[in-house]
Amino acid sequence: DLRNGLRPLGSTPAEFEQDLLSNLYYRRGTTVESASAQDAYETLALTVRDRLAARRARTAAAHYESNPRWVYYLSAEYLLGPQLEQNLLYSGTTELAPAALKSLGFDPAEVAALDVEPGLGNGGLGRLAACLLDSLATMDIPAVGYGIRYDLGIFKQQFVNGEQVETPDDWAFQGDPWEFPAPDDRHRIGFYGYVGPDGWVPGEVIDGEPSVLLVPGYGTETVNIVRLWRARATESSFDLRRFSAGQYAEAVEQAVRAENISKVLYPDDSTESGRELRLKQQYFLVSCSLRDIIRRFRFRNEGWDGFAGKTVIQLNDTHPTLAIPELMRLLVDEEKLDWDQAWSIVRQTFAYTCHTLLPEALETWPVDMLGRLLPRHLEIIYQINEGLLGEVRSRFPDDIDRVRRMSLIQEEPERRVRMANLAVTGTFAVNGVAELHSELLTSTTFHDFATLWPDRFTNVTNGVSPRRFVKLANPGLSTLISSGLGSDDWLRDLSLLEGLVPLAEDASFRSQWRSEKRRAKAALGLGDPGALLDVMIKRFHEYKRQQLKLLHIITLYHRLKSDPGRFGVPRTVLFGGKAAPAYTAAKSIIRLINAVSATIAADPVASGLLRVVFPANYNVTLAEKIIPAADLSEQISMAGKEASGTGNMKLALNGAVTIGTLDGANVEIRDRVGADNFFLFGLDAPDAAALRGSSYQPRSYYESDPELRSAVDAILSGAFGGVGQEVAQSLLDRDEYLTLADYRSYVDRQDEVSAAWKDQERWTRMSILNAAHSGFFSSDRTVADYLDRIWRAAPVQP
Ligand code: 26M
């Protein structure tokens with residue numbers, strides 16, 4: 001930066017090449033002649049990162065000068081996606097970089113293929129965190145994301161005989177050129193021990209060391225950061241005495257235990273694991289991040305009275321909820337504030353986003369475990385609980401049952417701390433992630449709390465980054481959209497997509513739109529342009545009902561064999577997604593999909609018309625390839641179970657038409673794209689809840705619907721390699737998510753999908769209108785809503 005007397009970075013092709021060369025020599029320590037593709041990749045990454053770092057310096061200076069209110073996002077997961085392409089785009093070097101590489105004799109495609117995505121999350125919750133960071137930076141909001149730098153990200157998925165097999169994802173094996181280690185900003189944190197007269201005396205300490213990743217905004221100077229903590233053993237943890245005695249394993253035992261805290265991401269997704277290491281991870285994230293936030297605040301020399309005015313901390317689900325008792329501890333025990341003043345600061349600082357409706361996904365921790373690991377925090381939780389229950393008793397005298405329900409401590413069958421109740425109690429705002437979800441939270445999950453504190457609850461509907469999921473994922477369609485709209489301003493104001501509405505009536509535009517779909521399919525290796533590409537990409541979970549899609553596929557297969565007139569149109573069904581390693585039922589569904597796929601592929605009558613493809617290891621990189629190619633978006637969860645969904649938004653923005661239930665954000669998508677451009681089916685949330693509450697008999701649907709019966713019977717009889725009988729059996733016996741009840745409505749709607757596909761002009765119109773009316777689902781709008789309803793922070797332009 002010139003202001004600091006720095007030499008400016010190159011902006012012409014020749015200068016960019018000079019910068020590359022200089023980095024290759026002086027930072028990578030090699031030469032053009034001896035450089036490998038990996039050397040070239042690392043060097044390119046450094047050269048691009050330098051440009052962002054210069055902007056980061058200007059951003060930090062602007063933030064320092066304006067002393068703004070800060071948004072801190074605490075999340076155990078970030079699914080940032082591949083960094084190279086995005087950082088090329090955001091640094092304006094998309095054309096410069098490959099040209100410079102080529103002129104130095106490297107193959108740009110080979111170099112780009114070395115970029116590894118950091119898979120530091122499970123699914124929607126982690127990807128939402130990444131989209132919000134992108135939008136915060138794009139909107140010039142002073143913000144920092146805090147997370148954990150897991151050594152091993154979400155497992156790699158392989159199929160062996162159709163079964164999911166997990167292998168470790170050592171994503172940073174080659175090093176990660178995008179991150180800046182910041183060992184100076186280490187914090188020492190404690191675990192175990194006891195509470196003495198002067199507060200907590202930990203029995204074990206470890207260090208948290210941050211790595212900084214740059215988060216650039218699009219079309220602005222701002223570059224924000226995310227800080228990811230890794231656990232480090234303290235210098236004293238190596239036991240030299242044991243080492244000298246030849247006890248080598250014992251000598252490093254304590255160090256290994258300490259560093260295990262950030263070793264691996266829990267791949268659980270929606271089911272509680274109850275492992276102490278997970279609780280340690282959560283406290284580790286919370287404690288390191290709060291110390292960092294306080295260090296940054298102290299730097300500005302203000303008193304605690306000013307803290308909440310300058311700070312809002314968003315809790316991404318309950319995973320970081322220990323931040324509430326931790327900040328109480330820091331304020332009361334270390335800063336010597338009185339309890340009431342501390343509680344008022346805490347209550348004005350935190351806000352909580354809930355991402356689920358599954359009761360089994362609400363985190364609780366055994367009181368014994370929490371008390372052993374964090375004895376002072378348990379005392380603080382008890383004291384918060386006394387205040388809460390006092391308030392409940394005075395508002396609702398003699399309502400013992402209400403007190404029992406709202407308590408932070410569950411008593412039966414064992415004593416556990418209810419993290420969601422703690423999160424609601426210690427925050428000023430609680431939001432769901434789609435309209436329907438937020439309504440269900442106040443009417444069911446948090447009904448008692450919403451009665452006590454109605455103003456605390458709000459909605460912020462999720463969104464997705466149009467930069468990553470349209471521009472980067474689908475460059476061809478993006479160019480077409482820009483030419484149709486006459487500018488690329490839509491990338492920063494997605495509501496401008498409405499301007500595509502008249503173009504849906506333009507035959508030449510429709511034909512170009514179809515060409516882009518065809519091109520994306522060809523790039524995926526799904527070249528048959530006549531076949532409808534039917535896509536279901538998401539984590540495997542029974543409530544999401546991949547098994548319903550499977551019953552439909554088997555029905556189509558049976559029609560091909562015995563009633564071809566009812567088959568419909570050629571289809572390729574694409575599945576993508578992982579199952580939690582311990583989730584047996586979800587793994588059975590995966591295995592059955594692969595078996596059905598093989599059976600159909602081996603059948604000469606069917607294989608030309610119906611294909612089932614299931615690429616392994618679905619992740620952000622793969623999503624960016626699949627989404628542009630999709631014609632049909634499967635959003636078929638049991639109504640009332642999917643909090644929002646965000647894949648549904650990405651697919652609609654890329655011109656896929658949705659078949660879906662009235663669940664999560666599907667409701668809002670349908671409201672906007674119009675009922676004519678959305679294939680609705682199935683029970684709505686109230687009807688589904690009512691049916692589940694009565695005596696639901698899945699067998700009655702099986703017995704009265706011949707097509708359903710033959711689909712289920714085929715599985716039971718072992719027609720698909722003798723695999724997956726347990727999937728069919730569980731549908732007949734229990735069918736927890738009403739798959740059989742919604743089957744007929746789903747299959748009939750799919751017949752209408754096929755009919756619509758036959759009229760390609762009509763389909764293309766629907767496709768264009770889906771994109772045109774989906775501008776609301778930009779994460780920029782989501783951030784605007786968070787700012788307005790919760791964060792109340794203002795932009796600062798560098
Ligand atoms: C819990 C315990 C132990 C280990 C892991 C977990 C856990 C991890 C991730 C539990 C839930 C996790 O994520 C849930 C999630 O991704 N929810 C999704 O959030 C999206 C963003 O709001 C929504 O769009 C989806 O509907 C919702 O399912």
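**View 1. Domain 1 and domain 2 have centres 35 Å apart, taken over C-alpha atoms.** The model is predicted. Domain 1 covers 1–66 + 93–116, and domain 2 covers 67–82 + 117–461 + 785–791. The chain also holds domain 3, at 530–774.

**View 2. Domain 1 meets domain 2 through residue contacts.** Domain 1 brings 15 residues to these contacts, and domain 2 brings 14. On the domain 1 side that touches domain 2, 5 residues are nonpolar, 4 are polar and 6 are charged.

**View 3. The ligand lies between domain 2 and domain 3.** Both domains give residues to the shell around the ligand, so the ligand sits between them. In this view, domain 2 spans 67–82 + 117–461 + 785–791 and domain 3 spans 530–774.

**View 4. The shell around the ligand holds 23 residues.** Gly124, Leu125, Tyr266, Asp268 and Ser644 come nearest to the ligand. Helix α6, residues 124–138, gives the most to the shell, with 3 residues. By class, the shell has 6 nonpolar, 12 polar and 5 charged residues.

**View 5. An open sheet is built from 6 strands with parallel pairing.** The strand order is β22-β21-β20-β23-β24-β25. The sheet ends at edge strands β22 (610–613) and β25 (679–680), each of which pairs on one side only.

**View 6. Strands β20 and β21 run parallel and are joined by 6 bridges.** Strand β20 takes in residues 532–537, and strand β21 takes in residues 571–576. Leu532 stands opposite Arg571 in β21.

Definitions and conventions. Residues numbered from 1 in each chain as written. Predicted model: local features only at pLDDT ≥ 70, side-chain atom pairs only at ≥ 80, totals over all residues. Near = placed C-beta within 6 Å. Helix = DSSP H or I, 4+ residues; strand = E, 2+ residues; numbered from the N terminus. Nonpolar A, V, L, I, M, F, W, Y, C, P; charged D, E, K, R; others polar. Domains from an automatic or database assignment. Pairing = 2+ DSSP bridges. Contact = placed C-beta atoms within 7 Å.
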